[in-house]
Each structure stands twice: as structure tokens, then as C-alpha cells.
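Subject: Structure for you to look over

Hello,

Please find the structure below. My notes on what was found in it follow directly after.

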Amino acid sequence: MNMQTAPRHGQTPEVGQPHTRNEEASHDLSIRVRDLSLWYGQSQALKGLDIDIFEKNVTALIGPSGCGKSTFLRCLNRMNDLIPGVRIEGLVEMDGHDVNTARMDEVALRRRVGMVFQKPNPFPKSIYENIAYAPRMHDLVSRKAEQDEVVEKALRDAGLWEEVKDKLHQPGTSLSGGQQQRLCIARAIAVQPDVILMDEPTSALDPISTATIEDLMDKLKQQFTIVTVTHNMQQAARVADYTAFFHLGEIIEYNDTRTMFSNPATKKAEDYITGRYG
Amino acid sequence: MQTNQLLALFSGALLLLGLIAFFLGRAKAARVRASGTAMYAQPDQYAWFAVLATAGPAVAVSLIGAFAMLLMGAEIPTPYLLAGSLVVAAVGLMVGMNRVHPDFHARQAIERVIRWILIGAALISIFTTFGILFSIVFEALRFFQMHSFWDFITGTVWNPGASFLAAAGRADEGGSAALFGSVPLFAGTFMITAIAMLVAIPIGLLAAIYMAEFAPKRVRTLAKPTLEVLAGIPTVVYGFFAAITVAPIIVNVANALGLDASFNNAVAPGVVMGIMIIPFISSLSDDVINSVPDSMRQGSLALGMTKGETIRDVVIPAALPGIISASLLAVSRALGETMIVVMAAGMRPNLTANPLEDMTTVTVRIVAALTGDLEFESAETLSAFALGLVLFGVTLSLNLVSVLMIRRFREKYRVNNL
Amino acid sequence: MSQSFDDISAQLKSRHRKSARLKWISMGALGMAGLFLVLFFADMLSKGLPAFQQAYVQVELDYNEDATRMGRAAMDPEVSRIVSRSFERLIPGMLRDDPDLLGTREQRWVLANSEVDQYLKGHRNKLSEAEREVVDELAESGQVTLKFNTTFFSRGDSKMAESSGILAAAVGTVMTMLVTLAIAFPIGVMTAVYLEEFAPDNRLTQIIEININNLAAIPSILFGLLGLAIFINFFGVPRSSPLVGGMTLALMTLPVIIIATRTALRSVPDSIRHAAFGVGCSRWQVVRDHVLPLAMPGIMTGSIIGLAQAMGETAPLIIVGMVAFIPDVSASFTQAATVLPAQIFTWAGEPDRAFVEKTAGGILVLLSILIFLNATAVVLRKKFERRW
């Protein structure tokens, strides 16, 4: 670490731990990441990351474009497997399992680590089917009544039920952008994952839909661990318990959100947060 | 022979006039320019304009004359017509030369003429469609004057045998009356098309799924053109293959199973036609599956679906309009396919549900009616056009529906390469 | 609340199996299509390759008086039974042309008849026991043998399998294709240039576009009906001629060329047009001097592919009468002719088994030409492929 990025206050925290603790948040470990590196062919996109992600928290990943935050997010449910030429080293541990081993079934992992994407991507099915599909495939429901229940609960949790309850059998694509994104969130929570990854979930939405989804994240963290990538600093400040600042494939600072935005430990993070670059 | 020589003479004279126009025009323009006057265009452009002014009207006059002779039966002796055209060319030459003038926009004039020539070329494709339509409709109408449309559509016996007697004015001499009930022909056509689709759609679609979703890139770049070889083999070759190789195999297999099969069974042409059609389905389906946005796949995989489930439940439903559209095109192709059935299917109109029997198709009867030394006026010959009319209508509607479906798909996913 | 990885993995087992099954089945489908292709070519090669060899027999010819009337008399009666009748028929003519031959003798390799040919190739044949003995004897002394079949490439159709060839049909194909290209290429390119570079986006343009797409999907036999009703019956173009065949095929090839040319024109970037307009070129000059030359490789590729398609087309040509029996090479665009696929069709209908081999041989020649054309198109595309 060079002078600029060295922490300025207090001591260096333990490896992977946030610099300052958020006393209101839970500290049960959900995902442990140690020395995680990733290469796209020859170029290294992630350089030895260490981070502990806590259960039933919102953890925001911020940083300038191309800093590796989305790539890191996709390591957590092995979506990077889909890209040819990707090589990963290091440990991503969840529930006592190293997720990057051949023994770990990536389909099972994704079942427990759900994901919401930048652009809403509802399936070409009805609203009802969009949600019922995965629980049915995963044998989470056996009877029709159970299925209806799951769909209603997921839609209620996603704050969409009132808006769509009369048109459950219309195609998912008939909804507005913000509704589609909430449908995708409902779809993700219907399978009862432990973790939900959100990759800039509001970047394609209008401000009102964005606010709705931010409220939703706040509610959902009672049930789920949420890791979100965002370009929008205010959003991180509003919704996150912890924030990690990424730069050029490294985590420069991992801190309690309030501290991060009021009194960052590193110069780089401060420059980015105050808008000097990025 | 006389006409040919006259035509050669005419072309030669016209070419000569054109050359004269070019060089005179250029010389005059160059002279004007040399005298220091600013002109709107280059000397070459004036020269070309002079050529167009010379040749254009002359060719137009001779063509109009030719059409007048053909269409209205006007009696214009060819030598007079050609001579007249040459006179027009000479007049055109003089007008063109006159226009070589500093104030004349030769370039724009040429541009206008070229635009009209290009429009004319573009209209030829429209004329072709209308040509097909009219040629079929007129002859079909003549057929329907002899035999009722209703009998044609609903009749179950196709027996044109005696119609040549009727054409020769000896209708009462034949044993039985000619019957034109097209149901057995359409039944045969649909049977063979159905067999072809049973082969082509599963294999083509699954091959497309493999190429688009599973295959390594190298396999895909190799497999797609290889499959398309199947579509490039001439249909007459497939016909030979079906008749000589496949049909005996089918008969042997059927016999081994204790069934009776004709050598002109419907299975052999059906299967071979299906093989031919595989690349139509696989290529288009592959394109369509590839243009299903990746975000759909990721959305499904992120829910913990396996790759197979993602393909079956998300990708294929999304690609369905395109796949249906490809299948409709394939059906239209199979309905109109001629050589395979002419060579491998039967000649006997046979209304049966057993694909191992011989049966005939619409296209086979069209060919049968139009080959050999038949009187063009006979009902049998004209029946080919009635069958052609139905074929035209069915394939045209299938194509249109298919185009609309693919357009819907394209708008939905905003892809432009389909 | 949530299941452990082990529980989920256990539940996933059968789902993974299903997924793998889809992969194997779809791979199998592709493999099956490939297998069809291999089987097809293997079948054609095994049936067609023997056609390039033909049985010849060495005979002692005795040009006597009788032979001027009946060629058979010049040969030993035993041997004459296995010699092709097409040769016997030539002898009187030979003697008439060259009277000096009369009374001389010579040894000569001549065509054997097709039964001998089939016998030597181990196929079914109608030779009698005695004839087989003669052939076996002659074969042993090297007087009957299989040689490269020059007849196949130097003659036209014949009623006798051993003396029939593809030359007349090949020449007919070349002439027909010349007519097709001469019509379809300029009109196709002009149409595409109009639609891409000149046409305003109006109703007429849309109609033309829809119409072209439709034309590409109309069954080929209907083009034959057009050729028959309009070109032959209305305009009086001679039936069976390369002219009418070429005109009919030209209309079929038109959409292929138009679509290919439009794609090629579209791939020329607008920056080039803008640059040319910027130096004061008119629209036509831009197209002629800048866009068309750059699009030419694409246009050529499309035209070659269209030509290959037209070359294999049979159905419309049957309707316009190009299935005539053509023993001699035709010299004019207005005389009756036949083309390779039509020749294949005619031979496929011959009852004589020796013709099966000829048919497959003709198919091999046709396929070779088509493969060559398509390979040329691919090479052309690869060579001139340019990314802007």
C-alpha cells in the first residue's frame, strides 16, 4: 500500500474486517472472502481481495467504473463461470464451503445466492409464472394453493402485490421498468435465498422507482443478506450498513457506511466520495 | 432468321449512332469550353447525355412497337418498326446535340434518367409476382369454366384421363368422364409434408439448440456451413437418392416388420425432404436463439436453474415466434417441393392415411399435366394452373405469416440481424 | 430456514441429469444431420464413381463389302454381341467417308455394351452364360478391360447407356446460366442500388421490398408456370431453349442477387458516401465510383451463390420443356437443349440399370461444380472481408 491509500486514523483492522464497526448491524458472518484474484485471460481484474460480508446487512460496493466491483459481485454466485477465459484464485467461503471448488455445484450455490440485474429481465411468461417458476422447479411448493401463497408473499415482500394482484396472468414485460425490477426482486426472494446480489439495480430506473427499491432493500435486509453494487453514492449512504470502496481491482477501504461517508480512513476514498474523481 | 439479322443490323446501327452522339457531343462541349464559356457540366457528361437522348427514345419506340404487335395484334412489319426507331434515334441525336449548351444541366439530366432506369429495374420484381399471379389465374379461370370449382376443391377422385378426348371434341367416345377432385392430391401433399416436418423440426431445432447453447465456438463455426451443404444439394439429386436408395430401404424395413410397402411410398420422399429442410430450420432457429438476450439466461441461472431448464423454460419460449416462423417457411418450402416427389412419390392419386402406400402430390400432378405432348387447351393441362393457384395461395399466406412473426420477434428484442 | 448445500445438491441430481440429457440429445441431432450428409455422399460416390470407367473391347475389324451395309459384319459374330451397337452403327459411315478402308483389317479398342460393362463391375446384368465365357476369355487375354470413360464427357444423351454422356447437358447448362446471369445480374444490382441508395422510404419502396422477400419464397415450380404461360405461350420464346430456361431461372435468381447486393451496399459505411458527397459528387457518381466498387466482392459472392442455386434447379425447367432428348451439343440459344439436372432427371427415369450409374456420375459432376462455385464464393468473401 502506498502512502496515499494507507489508513489515516486508528490502526489497520484485521484482514477482511471493516475499519470501523457499525454497532447497529449484525455481525454474523455470511460470506468470507480471502485473497481473491480473477483474470480475464491475461489481464487481472481482481487483485487479492479480503472481505467479510455480514448476515442480514446491506453491503454496498462503490468505486469508479471498471474497478472490479461488478466482477467481484459475480464471483459470489459464480456467474463469472459463464464467461470463457476467466480464471479465479483464492477463497470465497459460505456456510463452511469453498464455493470455487469443483465439488461445489454452482447451481446449488445460485439457489442460495440470488441476483438482481442492472436491467430488469423478466422471463417471457406471465407475472405469476415469473415468480412461481423457480419455487416449483426447486420443489419448494407442491400444491397449487401453496404456490399461490408463495407468489403472493414474494410479491407482497417486493411491494408489488397491490399493483399487480388483478393482472397476475399478464406478461411480465407489460409492467413498467420499476415494476419489472421489483418483479425480478420478487422472483429472487421467492426461492428463499440467503444472499441477494444486486448489480446496480436502480441504474436503469426513474427516481421514484429508485426510491421504492431503496425502501425495499431496507425492508428485505431483515430476511436476507444484501450485497449491492452502485454508482450512486447517495444510494450507498442511504441504504448500506457497510460500504466497500473498490479501485483498480482492489478494496481500498471497507468501512461502516456512516464513517465511510463522514470520515473516510483513506485519502482515495475521500477523493472519490467528495467527487474529486470517478 | 430474317428477324435475327434485322435485329443485329438495328443494334449495330444504334450502336454506331450512339458512338457518333458520344464523340460529337464531347467535341462540341469541349469546343464551347475551349472558347472560355463556363459550363454546368463536364464534356463527358454532355456526351453521355447525347448518347441517352439518341438511344433511349429509339429503344422505347421499338419496344412499344413490339408490345403493340404482341398484345394488340397490331400488324407492323418489323423492318418498318426498326427503321422508324432509327429515325427516332437520329432525331434524338439532333436534340441531344442541340442541348449541348453552357446553361444545360447535363449531369442532373443524366441523374434523372438513371434514377428512372433503376426504378424500372426495381419494378421488374413486382412484374414477376404479377406475372406469376396472372399467368396462373387466367389459365386457372379457364379451367374452372370447364369444371366446377366446388368439385375441384371437394372431389375425392382425380382422373383426368379422358379430358384430352373432350379437348379434341370427342367427349362422348371416352369410357368414363374426366374427374378433377383435388382432395387426394392435397392429402398426399400434406402427408409427405408432415413426414418431412417430423424429421426436420426436431432434428433442426435440437441441432440449433446444440450449436447456439452448448457447442464450443469451433464446432459451431464448422457445423453451421456444413449443415447448409444439405440445403445446397439440388433437389433432383435428393429425388434420385430418395427413389434409388431410401425407398428400397423403407420397403425392406417394412417387409421385415411384416408390413406391405410400395416402392413409391410417401415415407421415402418425406424423410429425404425432411433432411433437405433441416438447415432451413436449424440456421434460422440458431440465429433466433442467439438473439435472445443473454440477460434472460442469466436471470434464470441466477435463480438456480440448470442450463437445460434455462433453455427449455426461458430461451426456447422467448425464441418461439422465430422458431415458428422458421417452421412455417419450411412447411411452405415442403409444400412446393417438386423434384423429390416427382422422382420418388407415386403418380396415382390415392386417398389414404397409410404412408407406406404410394400417393401423389400437387406438384407431381402439375409436372405430369405439363409434360408430354398434351394439347394446351385440354382440361388436364389447365388443371395444372388451378393446382398452381392453390399452391401459390397457400405458400404466399405461410410466407406472410412467417414474415409477420419474425418482425414481431425483432421488435420485441430489438435485434436487426434477422 | 434455508436448505444446506448438501440438501440442495441432492435435489439437483436428477435435474442435472435432465440437463445433461438435453445436451446429449441435441448433440445427437446435430450428429445425425452430419451423418445424413456423410451417408448421402458415400452413397453417391459408391454409385457414381464407377460411371467414370467404361468397358472397352479390342476387336479385329474386317472391312468387307457386307460391312458397308451392316456394321456387325465387320466383326467376329461372337465378339459383335458384346460390342456397343453405337459403334456398329458407325462402321458403314466410316467406310463411306473413307472408301480406301474397304478390304483392310485393323485391331481397335471400341466401346463394349453396357451389359459387359456392368458384368465387369460386378453389377447385375443380362449377359447369357455363353457371353460371359467370351468376356471372361477376352478379359484374361487383356482384350476386354475397364478404361477411363471419355465418352461420358464427350457425348450427349443416348438411348444406350454405354454411349451416353453429359457434354450436351453441360453446354446447355453453361448457355442457360449465361442467359440467367445476363438478365439477373444487372437487374438485380440495379434494383438493390435503387432500394439502398436512391429510394425514398415510401409505400412503393415497401411494396417492392416485401415483394422481393416473397419472391424468394415462392415454390420454384410456379416460376415454371410463369415461363410457360408468359415467355412461351405469350411472347413466343422457343420452348426447351436455353433462352427460355435462362429467363425463367433469372427471375428466380433475382431475389438472391438483390438481397446479397443490398447487404453488401449496406456494409459500405456512410462515411464514404459523405466524403464523396463532400467533394461534390452527384448521387450516381457516389454510387458508381465509390460505393459499388467497395461492395463488389459481396455482390460477386451473392451472385455466385445465386448462380449455384439456379444451376441445380430442375422443376421450372421441366415445365418449360428442357427435358428433351438432346444427343448433340446445341449451338444456339434458341434451339432445344437440356441442362445437367434435367439430364440427371431423364436418366433417373431410364429403366436400364446401367443408367443408375450414369445418373449418379452426372450427380457427382454437378455436385463438384456446385461445391467449386460455393467454395469460390467463400474464398472471395474471406479474401475481401473487411471490417469498417
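A:Asp35 is partly exposed, with 13 other C-beta atoms within 10 Å. For these classes, a residue is buried if 20 or more other C-beta atoms lie within 10 Å of its own, exposed if 12 or fewer, and partly exposed in between, with C-beta atoms placed from the backbone. A:Asp35 is not a glycine, yet has a positive phi of about 50°, and lies in strand 1 (residues 29–40) of chain A. Helices (H or I, at least four residues) and strands (E, at least two) are DSSP runs, numbered from the N terminus.

This is a predicted model, in which local features need pLDDT of at least 70 and side-chain atom pairs count only at pLDDT 80 or more, while totals for chains, interfaces and linings use all residues. Residues are numbered from 1 along each chain as its sequence is written, and chains are lettered from A and ligands numbered from 1 in the order in which they are written.

C:Ser240 also has a positive phi, near 65°. C:Ser240 sits in the loop between helix 10 (220–232) and helix 11 (242–266) of chain C, and counts as buried, with 23 C-beta neighbours inside 10 Å. Most residues other than glycine have a negative phi.

In chain A, helix 3 (residues 127–137) packs against helix 4 (residues 144–157) at an angle of about 115°, the axes being 9 Å apart. Axes are lines fitted to C-alpha atoms, for helices over the stretch in contact, and angles run from 0 to 180 degrees between N-to-C directions. Helix 3 of chain A contributes A:Tyr128, A:Ile131, A:Ala132, A:Pro135 and A:Arg136 to the contact, and helix 4 of chain A contributes A:Gln147, A:Val150, A:Val151, A:Ala154 and A:Leu155. Two residues are in contact if their C-beta atoms, placed from the backbone, lie within 7 Å. The residues of this helix contact are 8 nonpolar, 1 polar and 1 charged. Here Ala, Val, Leu, Ile, Met, Phe, Trp, Tyr, Cys and Pro count as nonpolar, Asp, Glu, Lys and Arg as charged, and the others, Gly among them, as polar.

Between chains C and B, the contact takes 67 residues from chain C and 70 residues from chain B. On the chain C side, helix 1 (residues 5–48) gives the largest share, 18 residues. That side of chain C has 48 nonpolar, 14 polar and 5 charged residues.

Chain B is divided into domain 1 (2–142) and domain 2 (179–413), with bounds from an automatic or database domain assignment. The centres of these two domains of chain B, taken over C-alpha atoms, are separated by 47 Å. Their contact takes 6 residues from domain 1 of chain B and 6 residues from domain 2 of chain B. On the domain 1 side of chain B, the residues are 4 nonpolar, no polar and 2 charged.

What is the size of the largest nonpolar core? The largest core has 301 residues, and B:Ala207, B:Ala242 and B:Val272 have the most contacts inside it. A nonpolar core is a set of buried Ala, Val, Leu, Ile, Met, Phe, Trp, Tyr and Cys residues joined through C-beta atoms within 7 Å. Helix 7 (residues 183–214) of chain B gives the most to this core, 19 residues. A second, separate core of 22 residues includes C:Ala55, C:Val57, C:Val59 and C:Tyr63.

Regards
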